[in-house]
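I opened a notebook page for this structure and went through it in short entries. The sequence and the coordinates go first.

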Amino acid sequence: MSASHATPPVLVVTGAHPKLYNHDLAPTAPEGRTWGAFSIFAMWMSDVHSVGGYTFAASLFFLGLTGWEVLASMVVGITIVYFLMNLIGRPSLKYGTPFPVVARMSFGVMGANLAAVLRGIVGVVWYGVQTYFASKAVQVLILTFWPSAEAYTHSNYLGLSALGWGSFLFMWFFQLVIFLNGMEAIRKFIDFCGPVVYLVMFALAIWILMQTGTSSLSLQLSPPAEGSTLTHIANASMLIVAYFAALLLNFGDFARFSRNERSMKIGNFLGLPVNFIVFAIITVIVTAGTVQVFGKAIMDPIEIVERIGNPWVVALGSITFIVATMGINIVANFVSPAYDIANLHPEKIDFKLGGLITSILSVMVCPWIFVSSPSAITLFVSVFGAILGPMFGIMVADYYIVKRQNVVIEDLYTMDPNGSLYFEGGWNRKAIIALVGAGIVSIGFAAMGAYGIVPNGGDWGWLIGAVLGAAFHVLLMGRSPVIVPRTAGAAA
């Protein structure tokens, strides 16, 4: 089977149970590993170069940091993320398996469904939110060239105008078409997305520098926070780690297609520390410069291009950020729930059907209502961020410390009670206890931070959860005896 097919070739696992195995969950065959360093690099560009990523980076200014301190925070935070991504990507790279299958190593062949559902919920919600954000850019584009379309903005159907619904459904359908063409089509699309956004962002940065010079880098957009600068930089760095919390779980969904570990690490290095820092510099220059050019800090790049006043500039900016949002949506919020939903019932649901279900659920979430409530977003991020941290800690500790990087690949797909990953009825109760225990602490810590009981507590919720999850899991599990792994069967 050619590696250029939409569905990559896989390895046949002898005796695989249909409740645990289908073509999309099977180990990727060597000829299906088509992602070189550039594809991994482009994936990270698609993830970082988005309106959401820009807004998040720009929001760090309001922590009381100068431009240089924001930049330092980004360097520290993204370097930590780089090393953590390499850790979580290695088991998927070694065995060719997606996140929900790797989760079976820690939680058991059935217990992994819990991990998949929790990660899937996050993906579905944010997929809907990002689709809604992109649809707003579509609406701006339409109104720029067809002002008469404003007549369709006055109606209200379940919280959206007629034009709003049309823009949202356009984005929803366009993304679905790309997705249903398979992972190879996704790879080609994200190879295009990330570099395109740089063209507009560099142009914005050059335009701002022509107006302001380099003085914007020392600008402070909010009063200096109390305490040491190092503490504030550490808090901001942890926010950056938490921002990548979702992909810190399911990066394996992409690492499984990498040609080798060297390609994965080079792609991660170029896409995370190098790319993120360059993008951070552009963000710092543009955000700080808007204060001097427009009289206020503007964190939405689409609003910046609108204010320039040229309709063709608006068109270029809107289209670019529509493409960028689609890139991050497919990478961070679509692929994972598609695999996660397929993992719940592999006999009936494949990767594409899982993606279709994800799309439908993302509309049922009514993301435009969700984002209208800051308290709802804060609660959602706090709770699920505090759960994703312990899951990461458990999976990493289990693979590197408990199992010492050795897993019987056939046991990932068997319901045989004698299988090493069957545990008790398919559930590793010790991992569940570790998840619940660490989750309670990390959620509580994040909640206390949100209510000001523990200053900046929310910034550290993910890290605390990850460390506690790892510690609890190792204490409960101990270390497994050394396993001599077997290999899967021939390529299909």
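This is a predicted model: local features need pLDDT of at least 70, side-chain atom pairs count only at pLDDT 80 or more; totals for chains, interfaces and linings use all residues.

My entries follow, grouped by the helix or residue I looked up.

**Entry: helix 5 against helix 13**

I looked up how helix 5, residues 112-145, meets helix 13, residues 311-344. Their axes come within 7 Å. The crossing angle is roughly 160°. An angle over 145 degrees counts as roughly antiparallel, and helix 5 and helix 13 are therefore roughly antiparallel to each other. I also checked the hand of this crossing, and helix 5 and helix 13 cross in a left-handed way. I then sorted the residues of this contact by class. Between helix 5 and helix 13 there are 23 nonpolar residues, 12 polar ones and two charged ones.

**Entry: helix 13 on its own**

I looked for a bend next. Helix 13 has a kink of about 40°. The kink is centred on I330.

Is helix 13 largely enclosed or largely open? I find 28 of its 34 residues buried, so helix 13 is largely enclosed by the rest of the structure.

I picked out one proline, P337, which sits in helix 13. Its relative accessibility is 0%, so P337 counts as buried. I also took a C-alpha distance from P337 to F351, and it came to 9.2 Å. P337 and F351 are 14 residues apart along the chain.

I turned to helix 4, residues 99-107, and its approach to helix 5. The axes of helix 4 and helix 5 come within 8 Å and cross at roughly 135°. Helix 4 and helix 5 are therefore oblique to each other. Helix 4 passes helix 5 with a right-handed crossing.

The crossing of helix 6 over helix 13 is right-handed.

**Entry: positive phi outside glycine**

I looked up L158 first. Its phi is near 55°, a positive value in a residue other than glycine. L158 lies in the loop between helix 5 and helix 6, the latter being residues 162-180. Is L158 buried or exposed? The relative accessible area of L158 is 67%, and exposed means over 50%, so L158 is exposed.

C366 came next. C366 is not a glycine, yet its phi is positive, at about 50°. I place C366 in the loop between helix 14 (351-364) and helix 15 (367-370). With a relative accessible area of 22%, C366 is partly exposed.

V125 belongs to helix 5. The relative accessible area of V125 is 9%, and buried means under 20%, so V125 is buried.

I then took K19, in the segment before helix 1 (37-48). K19 is partly exposed, at 46% relative accessible area. K19 and M415 are 396 residues apart in sequence. In space they are 8.4 Å apart, C-alpha to C-alpha.

I find N428 in the loop between helix 16 (374-402) and helix 17 (429-450). N428 has a relative accessible area of 3% and is buried. From N428 to S106 is 322 residues in sequence but 7.1 Å in space, C-alpha to C-alpha.

How values were computed
Residues are numbered from 1 along each chain as its sequence is written. Side-chain values use heavy atoms; hydrogens and water are left out. Axes are lines fitted to C-alpha atoms, for helices over the stretch in contact, and angles run from 0 to 180 degrees between N-to-C directions. Helices (H or I, at least four residues) and strands (E, at least two) are DSSP runs, numbered from the N terminus. Angles under 35 degrees count as roughly parallel, over 145 as roughly antiparallel, 65 to 115 as roughly perpendicular and the rest as oblique. A crossing is left-handed if the near helix is turned anticlockwise from the far one by less than a right angle, and right-handed if clockwise. Ala, Val, Leu, Ile, Met, Phe, Trp, Tyr, Cys and Pro count as nonpolar, Asp, Glu, Lys and Arg as charged, and the others, Gly among them, as polar. The bend at a residue is the angle between axes fitted to the seven residues ending there and the seven starting there. Buried means under 20% relative accessible area, exposed over 50%, partly exposed in between (1.4 Å probe, protein chains only).
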